[in-house]
Amino acid sequence: MSFLLVFAIVLAIGLAAFVAGRQRARAQDDGTVKPHSRAHYHGWWAFLTGVVPAVLFLAAWDIGASAYLNSHIHSALPADVADGTVAQEDLAAGLVKSLASGLRKLDSQTLSALPSSFAELQPMLAAKGVALAPDTQDYMIPIATEANRVSDRLGMISAVVSVGLALIGVGFGLRGISPRARARNNVEKVMLWSLLGASTLAILTTIGIVLSMLFQTIAFFEKVPLSNFFFGTVWDPRFAAAGAGASEGQFGLIPLLAGTLYIAFVALLVAVPIGLMSAVYMSEYAAPKVRAVVKPALELLAGIPTIVYGIFALVTLGPFLRDISAALTGGTPFIQAQSILTAGLVMGVMLIPVVSSLSDDIITAVPRAMRDGSLGLGATRSETIKRVILPAALPGIVGAILLTASRAIGETMIVVLAAGVAANLTLNPFEAMTTITVKIVNQLTGDLEFNTPQTLVAFALGITLFALTLVMNIVALYIVRKYREQYE
Amino acid sequence: MTDISLDTLTTSAARPRRDIGIKKRYAAERRFRLYGVLAIAVGLAFLGVMLTSIISKGYTAFWQTTVTLAINFDEKVIDPSNKRATDPNVLITANYPKLAEAALIEKLGIDPNDKAEVRKLKGFLSDSSRVQLRAIVAADPSVIGTTRNVDILAAANMDSAFKGQIDLEVPESRRKVSDQQVEWMNKLKAEGVMAEHFNTGLFSYGASSRPETSGVGVALIGSFYMMVIVLLLALPIGVAASIYLEEFAKKSRFTDLIEVNINNLAAVPSIVFGLLGLAVFINFLGLPRSASFVGGLVLTLMTLPTIIIATRAALAAVPPSIRSAALGLGASKMQMVFQHILPLAAPGILTGTIIGLARALGETAPLLLIGMVAFVADYPKTPFDPATALPVQIYMWANEAERAFVERMSGAIIILLIFLMAMNIVAIVLRRRFERRW
């Protein structure tokens, strides 16, 4: 029986228990004893005692069963395959699994008289719309039928046990119903635990991010030395020669890191002055009417997906800059269509609302008294801003710039479309450079074997990016928080 | 006292005023203001240029040129050996484009035996006529032998030429449509046979190698599935987490850790979530590649921090008096939260959720890594089938060289922006209508 069907049955049992529990509690309330909880709490408690253990068991069993099935298939593989490389063994096991799921589509009559060679079996499966890899071997057919049998048996056991658990739980819950039973407290305790569980998901996500990338990164560094990655100045992963031992690719991080930082720097050069000035103007000068119109318009910039910025850079701005530079020199353009300048400019515009909304918060947090004091001493508004407000807000603004820089470093779609893919090391902003995020996308969007250094390097790049942005975020959040406390 | 001040006043008024650089300072003030105005103008100008450029490139994608032809469903072409009663494959493999071509030849009055003239017709009509006419015949085989008017799509290049996007000043050999084709086009246009219609195909077709039959249909369904999954998962989990952190958690090292984590996750680059999805959901848990289910899970993890931060702000904005009143009347803490605080905070939570969903709808990078860059021509029936998403479809068209794809791409961006704008407007309206200030 399928997982979903069992789950549905368990839920149905729970709902029936809810109705029965509520009914029972109502029936018991004859007015002589003041009930502790209202009737529907008793119903919910019966529901929870039935459903929670059964569902937990079902989930645990399902995970355990697939692991058991996996090891079962592996142990059934013939010795020459099992003794081969890990990749070979995994490949064979994968073929068995797809064969097994294909066999599920056949009716029982065909299954009882299953041909023993794959050549005969393939047309039967193809007729059912199952396409299998041609290197499926004859010996896999008995293993696949055996695997299907085992998984059927495991599924049956899990269905029986979880439905049994649900019934026992419901019985327990219903029996405990009495006017003074503390059903509400019990239900609320379960609720509190589930609230706590939901909030730990944030920690689990972080752990998941770190662990998933860490394992792949370790696998990568088993194949490529650390110094090649961190200090290499050449990026040449050689897709074509992947697997050929003699021509190992070069995985130098430095050109990617340089490109990432360069583009982020250009973007900040655009975003910080414009964003800061517009925040200052909005909070210090703009009339309320102007503010009400202009502020949402600028926030619109933040709502536009980055792919749209990327397309704009690729289709409009890049060719435009190239043509202008061609017109200036009268022939050969000195700005390439994909260049650091194009990517940086567009990314800078994308970051304007980030800078301005962060600094707006920080500027308005500067106490009124400081502003009034400066104005009262005869300073003009701009002098107040330049000499009093900005210095006072400086730590916060530095934090805001750091947060913005971390956004710039992690930005993907704009650079994928506008910065180019060639890993150059150059100082000329009119040439193309590539970034860490571009290379992560490049390495992972293609039909590749997963365990080659060519794909694993994406995880090493990812963890570098994660560490880089993590440090910037933590420092920035720390500075911003410290700064807020200072004026509170 | 009065004397002294009067005295000093008169003396200072008598002497010429000391230059304290007031003019310079006022000039600096004006300059500073100007910088502010300039900064805002630059931002708005860029927004304007970007939107105009996209809309001017993309609005034509909503129209498609068709040629209305009297198609003669000729039995000699469809089923020359009259075997369709016994062999259903005949109707599937028949040479339908030939029917459309024959109708066009007749319409233009070309001699069907003039091979050179007929060859010039190549690339006038879309090859999609094969699918279109086949569907007509499959639905009603009795149509064979009769004549009926059908709107056949023009090929992408003729479509561009019809919309005036191809520069006819360029020498004939260097453009995609020949002079003869343009002449025919003008003739058909004058007769009202060739005309632009609203392009419903843009919304219904899936991926295709022909621009005129490619659309965002599959991508819209994929995006829809993902949004539903994000809503179903991120909203309850996010609200539950915020309730715990805001209402129940005591300040401890553990809750501090959770808070730092949430703030950090909100700032983690989105592509890192894609790597997580690839390593955990696809390689470890064995979920299918390119499926909108996996995309939905990844986007859920990405959206959670946004929703949690918005929900916590909404919960914190409910005044303590409401809490005290509920507790004072004998409600348990859980009852207070779920029956009093949560309903009052709902508009704020919804606003935050819609904004989070809008961000998830426009997100591209993590979806590239979990294999949603796929050529999917059929509608996904379940969230576990291969699908694409709207921004991913835009990205894929950006990598196509043909100008007709650029038009489609800009059209798709307009669709995406309209969706985002609608979501944001709903969020703003919700906030305006239901938000209370205490």
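The C-alpha centres of domain 1 and domain 2 of chain A lie 49 Å apart. Domain 1 of chain A covers residues 3-181, and domain 2 of chain A covers residues 250-487. Such bounds come from an automatic or database domain assignment.

Chain B is divided as well, into domain 1 (62-199) and domain 2 (217-434). Taken over C-alpha atoms, the centres of domain 1 of chain B and domain 2 of chain B are separated by 46 Å. Four residues from domain 1 of chain B and four residues from domain 2 of chain B make the contact. Two residues count as in contact if their C-beta atoms, placed from the backbone, lie within 7 Å. On the domain 1 side, there are two nonpolar residues, one polar and one charged.

## How the model was made and numbered

This is a predicted model: local features need pLDDT of at least 70, side-chain atom pairs count only at pLDDT 80 or more, and totals for chains, interfaces and linings use all residues. Residues are numbered from 1 along each chain as its sequence is written, while chains are lettered from A and ligands numbered from 1 in the order in which they are written.

The pLDDT is the predictor's confidence in each residue, from 0 to 100. Chain B averages 86, and 96% of its residues score at least 70. For the complex, the predictor gives an ipTM of 0.87 and a pTM of 0.86.

## Where the chains meet

The contact between the chains takes 65 residues from chain A and 65 residues from chain B. On the chain B side, helix α2 (residues 22-58) gives the most, with 18 residues. Helices here are DSSP runs (H or I, at least four residues), strands are runs of E (at least two), and both are numbered from the N terminus.

The chain B side has 50 nonpolar, twelve polar and three charged residues. Ala, Val, Leu, Ile, Met, Phe, Trp, Tyr, Cys and Pro count as nonpolar; Asp, Glu, Lys and Arg count as charged; the others, Gly among them, count as polar.

## What the UniProt record lists for chain B

An unreviewed UniProt entry lists residues 220-427 of chain B as "domain: ABC transmembrane type-1". UniProt positions follow the numbering used here, feature names are shortened, and annotations may be inferred rather than shown by experiment. In the model, residues 220-427 of chain B are 78% helix and 0% strand, with end C-alpha atoms 21 Å apart.

The unreviewed entry also lists "transmembrane region" spans in chain B, including 32-55 and 224-245. Residues 32-55 of chain B are 100% helix and 0% strand, and their end C-alpha atoms are 35 Å apart. Residues 224-245 of chain B are 100% helix and 0% strand, with 31 Å between the end C-alpha atoms.
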